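Please find below a short note for colleagues who wish to examine this entry. The points may be read beside the coordinates.

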Amino acid sequence: MTHSPANDSLNPTAVRLDIPALSRSVHGKPLVYLDNAATTPRPKAVIEAMNRYEMEYPANVHRGVHTLSGEATHAYEDARRRIASFLGADSLVFTRGATEAINLVANAWGTCHLKEGDEVLISALEHHANIVPWQMLSATCGCVLKVADVDDAGELHVETVLDAISEKTRLIAMTGVSNALGTVTPIANICEAAKARGITTLVDGAQMVPHMSVDFAALGCDFFTFSGHKMYGPTGIGGLLAGKDTLDNMPPWQGGGDMIETVSFEGSTWNTVPWKFEAGTPNIGGAIGLGAAVDWLSNIGMENIAAREKNLLDNMVNRLDGIERVEIVGRPANRSGAISFLIEGMHPADVGAMLDRHGVAIRAGHHCAQPILHRMGHQSTARLAPAFFNTEDEMETTEAAIRRVIDVFG
Ligand code: PLP
């Protein structure tokens, strides 16, 4: 389906027809899918692109001389070009997702650019994927992990980040959007301040890409990481954006086929970027599926998506605020993607399980972001993560289901 670029043109009814999973029911109720921060459902265009690869040209890339391999190579490299262009970059390194992309940077860049005492600055909002790789790196190279705190609303302030910078800060690695609280961070300002001080930057864009227009060149960071399955693409594919010079100055982090130019028992030489960082047979069908996902998103328009999602989030926050015994955790001024909440006297896991009986799919737990939940005074929350395909009726259904859960639980 095609949408015009006017920002009031997004028609959720039409979009929903593109996504087969949305028409199913759960426990006899129509599915209300509100777990998009964990993973987004796949549109037909993505499923069909992957099917075409499997049915028509299921060959390996780069090495083959036959027609099918040529077709697979063309589709894989064309997907790379379209995904990079969608994100305002010249090229990208395919990875399994944001987690692998951050690990790639920690291993390939970190091990040769950081030494004992150098500081890596993250924020209190980070997903475990942007905490643990730096802790592992710290254990091997002696770098120090520092954390810029948020305020009690879950907001990250540029001034706090600036205060946490020292003459030893070598890398600032921060998320653009918190998956747990929905906080949109001032990441462009942080990158600008870091650049002025000669500090390298990594932006964890896993929760940005599905919700807003991203322009890697304009953002001004050195590294940008993302996951395909959070942007309507398949699982097991994602990527790393970085300038060619930056990548050229990093050693490969995994060895094997495809990442080499020559191999002998005496030593090997490396392929050029981005292939230097793609050892072994890649997720070819996944890359092709992700290419179809960005075509689909471009057609709908990221501005349309952002405008619609803002309305849905405001709608849901207002509804939650009107329910006694419900507490919203995190009150960022600029919210994207997620609303964490608690029901007084109930464990979030029970809330999630009971909402599931009403067909409402949410996430409950620590959201792989334990430190920020502890910072907000909790072990876990229930999380509503609507996307542009959700409807106002579904927000109403969700409110009614939450009220029912509270009534039944007592
Ligand atoms: N960063 C953020 C902000 C996330 O929300 C997630 C996943 O929830 C990740 C990184 C890790 O993504 P993946 O598990 O797809 O590698």
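Predicted model: local features only at pLDDT ≥ 70, side-chain atom pairs only at ≥ 80, totals over all residues.

1. Surroundings of the ligand. The ligand is surrounded by 13 residues, the closest being Thr99, Asp204, Gln207, Ser227 and Lys230. Sorted by class, this shell comprises three nonpolar, eight polar and two charged residues.

2. Polar pairs at the ligand. Asp204 places a polar side-chain atom 2.5 Å from a nitrogen atom of the ligand. For Ser227, a polar side-chain atom lies 2.6 Å from an oxygen atom of the ligand. In the case of Lys230, an N or O atom of the side chain is 2.6 Å from an oxygen atom of the ligand. The protein buries 86% of the 390 Å² that the ligand exposes when taken alone.

3. Cis peptide. Val273 and Pro274 are joined by a cis peptide bond, with omega at about 5°. Pro274 belongs to the loop between β12 (267-270) and α10 (284-300).

4. Tyr232. This residue is not a glycine, yet its phi is positive, at about 75°. Tyr232 is found in the loop that runs between β9 (223-227) and β10 (238-242). Is Tyr232 buried or exposed? Its relative accessibility is 1%, so Tyr232 counts as buried, the cut-off for that class being under 20%.

5. Cys368. A positive phi, near 55°, also occurs at Cys368, a residue other than glycine. The loop between β16 (363-365) and α13 (370-375) contains Cys368. With a relative accessibility of 33%, Cys368 counts as partly exposed, because that value falls between the limits of 20% and 50%.

6. Ser340. Strand β14 (residues 339-343) includes Ser340. What is the relative accessibility of Ser340, and how is the residue therefore classed? The value is 0%, and Ser340 accordingly counts as buried. A polar atom of the Ser340 side chain lies 2.7 Å from the backbone oxygen of Ala180. The side chain of Ser340 also forms a polar contact of 2.8 Å with the side chain of Thr381.

Conventions:
Residues numbered from 1 in each chain as written. Heavy atoms only, no water. Near = heavy atom within 4 Å. Polar contact = N/O pair within 3.5 Å; in protein donor to acceptor, adjacent residues only side chain to side chain. Areas by Shrake-Rupley, 256 points an atom, 1.4 Å probe, with all protein chains shown as cover. Nonpolar A, V, L, I, M, F, W, Y, C, P; charged D, E, K, R; others polar. Helix = DSSP H or I, 4+ residues; strand = E, 2+ residues; numbered from the N terminus. Buried < 20%, exposed > 50% of the residue type's maximum accessible area, 1.4 Å probe, protein only.
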